[in-house]
Every structure is written in C-alpha cells, then in structure tokens.
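Look at the sequence and the model below.

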Amino acid sequence: MIDAELASWLALNQIPGLGNEGQRRLLQAFGNPANIFSTPVNELRQIVKPAVANLIAQGVNEEALSSIAAWLENPANCVVTLADPDYPQALLNISDPPLLLYVKGRRELLNRPMLALVGSRNASAQGLKNAEAFAQAVSEAGFCIASGMAHGIDAAAHRGGLRGIGSSVGVVGTGLDKVYPAANRELAHQLAIEGALVSEFPLATPPLAANFPRRNRIISGLSLGCLVVEASLQSGSLITARMALEQGREVFAIPGSIHSPQAKGCHYLIKQGAKLVECAQDILEELGCFPQAEKSSNPLPDEHYLFEHLGFDPVDMDSLCQRSGLTIEALSAILLQLELEGRIAAVPGGLYQRIN
C-alpha cells in the first residue's frame, strides 16, 4: 500500500492534460500535492484549465495506483519526489525539474557527480570504442555516467561506466516497466543491479517520440558536463548538448574525420564553443573536481608487468593480449588507468604507445 503523501504526488503526476508547468504553478500556489487535492475546484480553476481542475477535484484514486504499489513491492524500485532528500540536487537547478522520478536500482547514484555521454545511434566502430573508453576512464575517476539507453553511443557509454567505480545511470523515455529498445534488455538488467534506471514517465508509458527530448533535459540536467562522441547534424545528441548549455553545463566534443557525416555534429559544437577533447583527462581538468569513490575490491595486475610487454612502438590490443596473457577486460582497465596517469597515449588506429 502506498502512503497517502506519496499517493498524492503520484496522482498529481498522472492528471491528464497537466504538464510540468501546470504542476509547478499548483505547487507554488498551494504548497504540496495533498493541499492541491483538498483545494476547492473554483480556486483550482484560477491556476489550471477547468477540465483539469475538475479531474483534480475528484481526489486521489488509490485504486488507480495499484499497479505502482505492486511495482514498489520490489525493493530495487522507488519513487523520488521533489520533497525527497534523495531528489537529485542538480535537477533542482534546471528550469523545469520533473515532479518525481521513478528509479530502479541504486538511488544513491542520483546525487553523485555525473557526466552525460551521448552520441549517434548509428556509430562507427571507433566511435563505440571511444565512448566506452572515455566512459570507463571518467567512471574510474569517480564520476557516474548518464546516458539515454539508446543503441550505439549511449549503450557503449553505459557499458564503460559500469566498468568503473562511478557506475552509470540510464535515463529512459518510457515507463520503467518497459525496456526500449528491446535489444538493450540485458544492459537494462545490468544497470538495474549495478547502476540505476530513471524515468519521469509513469509505468506503462510507451516509447512516444515526444518523450525523448524531455528525457534529454534530465540527462544533461543531472550532469556537470555533456560529452558528445559522434553525431550528425540531425542527431538528437545536439538537442542534449543545447539543453546542457542552457542549463549552464560544460559541453565537450570529440573531433573526427572531415569526411564523416557522424563527425559533423561534433565539429559544429566545437565551432560553437564546445571544448575539443582528445582524452578523458581533458574533461576531468575542465570540470575541476575529482569525486571520491570506493576503491575496487579487485586490484589490477601489476602495471610494470604490462609495461614489459608494451615496448616502445605503438601496439594494438590483440597483440598486447597475446604478449601479456591478460584478458581484454583486465588489459582495458590497466590501459585506461595508465592513460589517466599520462603514462601512455592512445594513437590513431586503435594503438597504444608509451609516453617517455
């Protein structure tokens, strides 16, 4: 059973025809949802349309909230309202914060310093590799990676973030009882266990096109900065970057080939003042803060051992695996740590080289 206070928040959020702006006006006028539902309809009509006021005057229908009550029986699920101390403080600073958030997973991540990492659904192999590597490196520094659970760059960003101690948060444009796209079901399951999934949309909300730009403002709003890895000029990632600028966040972009359509969006952002980045350290230095996070319980193999096999010429991952006997996962973690420390550099062609 949902307690009366939460029920009033949920009921207000589900009034047909009452958007974020109307919700905020009502809260400013009457203080909290419980007061709103006890206000005479003639007073409500001074704030919202008569049809909406009539729906509010009908009161909280707790029976209609039964599906949410069943969903909340899972201890991994929760609803965080504007009045909740766990509500993301970063979202309070944007112009239209959501009334509430449905959360599946680790709610404590909502207030961890975040970096939004977004890009094309139709990314190149190098773009996917860049997204995953940057996400893991920034996550290892203690930042949580926020993205939108889409194909391509988003999914790679989540995978990289989950490998680091900062973890990852997926902000979706559907209800949390749905997985969209369905191909990311396994990733969504991993995020629900090791990271978190977040939505402002009620359960059973389908993947409507109009909801995804609204989702984007939450991705950027949760974050201190937004990194665009690959994007065409028509990419929704540019919407996220624009929202980040409007919210006062830093915007970063990775350059690409002048011949690639998937690089044109990043080049446009750079021309507009986004910071060109070549490594994760560029982002960390610009943000100017290094969150403290728990150390991994699984120490990496000795870095000196890897150096013996690295040599002085550029070398690819497959060759390093053969030389060192390390798995791709272990090798990637060590290389990212060495790159963060400025001891090696990633060079074109997917190669790594010592820095003397």
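A salt bridge is a side-chain nitrogen of Lys or Arg within 4 Å of a carboxyl oxygen of Asp or Glu. Side chains of opposite charge can pair when their charged atoms come close. The model shown here is a predicted one. Counted by the salt-bridge rule, the number of such pairs in this model is eleven.

Begin with Asp86 and Arg107. These two residues form a salt bridge, and their closest N and O atoms are 2.9 Å apart. Asp86 sits in the loop between strand 1 (77-81) and strand 2 (100-105), while Arg107 sits in the loop between strand 2 and strand 3 (114-118), so the pair ties together parts that are 21 residues apart in sequence. Are these two residues buried, exposed or in between? Asp86 has a relative accessible area of 31%, so Asp86 is partly exposed. Arg107 is also partly exposed, with a relative accessibility of 24%.

Next, find Asp96 and Arg217. Their side chains meet in a salt bridge with an N to O distance of 3.1 Å. Asp96 belongs to the loop between strand 1 and strand 2, and Arg217 belongs to helix 10 (residues 211-221), so this pair ties together parts that are 121 residues apart in sequence. Arg217 has a relative accessible area of 3% and is therefore buried; the cut-off for buried is under 20%.

Helix 10 also holds Arg214. The side chains of Arg214 and Glu200 meet in a salt bridge at 3.8 Å, N to O. Glu200 lies in the loop between strand 6 (196-199) and helix 10, and the two residues, 14 residues apart, link distant parts of the chain. Arg214 is partly exposed at 30% relative accessible area, whereas Glu200 is buried at 7%.

Which residues are linked with Arg214 in a network of salt bridges? The network consists of Asp96, Glu200, Arg214 and Arg217.

Now turn to helix 7, which covers residues 125-140 and contains Gln136. With a relative accessible area of 3%, Gln136 is buried. What does Gln136 touch, leaving out residues up to four places away in sequence? Its contacts are Gly160, Gly161, Arg163, Ala333 and Leu336. A further pair to look at is Gln136 and Gly166: they are 30 residues apart in sequence, and their C-alpha atoms are 8.6 Å apart in space.

Methods. Residues numbered from 1 in each chain as written. Predicted model: local features only at pLDDT ≥ 70, side-chain atom pairs only at ≥ 80, totals over all residues. Heavy atoms only, no water. Helix = DSSP H or I, 4+ residues; strand = E, 2+ residues; numbered from the N terminus. Buried < 20%, exposed > 50% of the residue type's maximum accessible area, 1.4 Å probe, protein only. Contact = heavy atoms within 4.5 Å.
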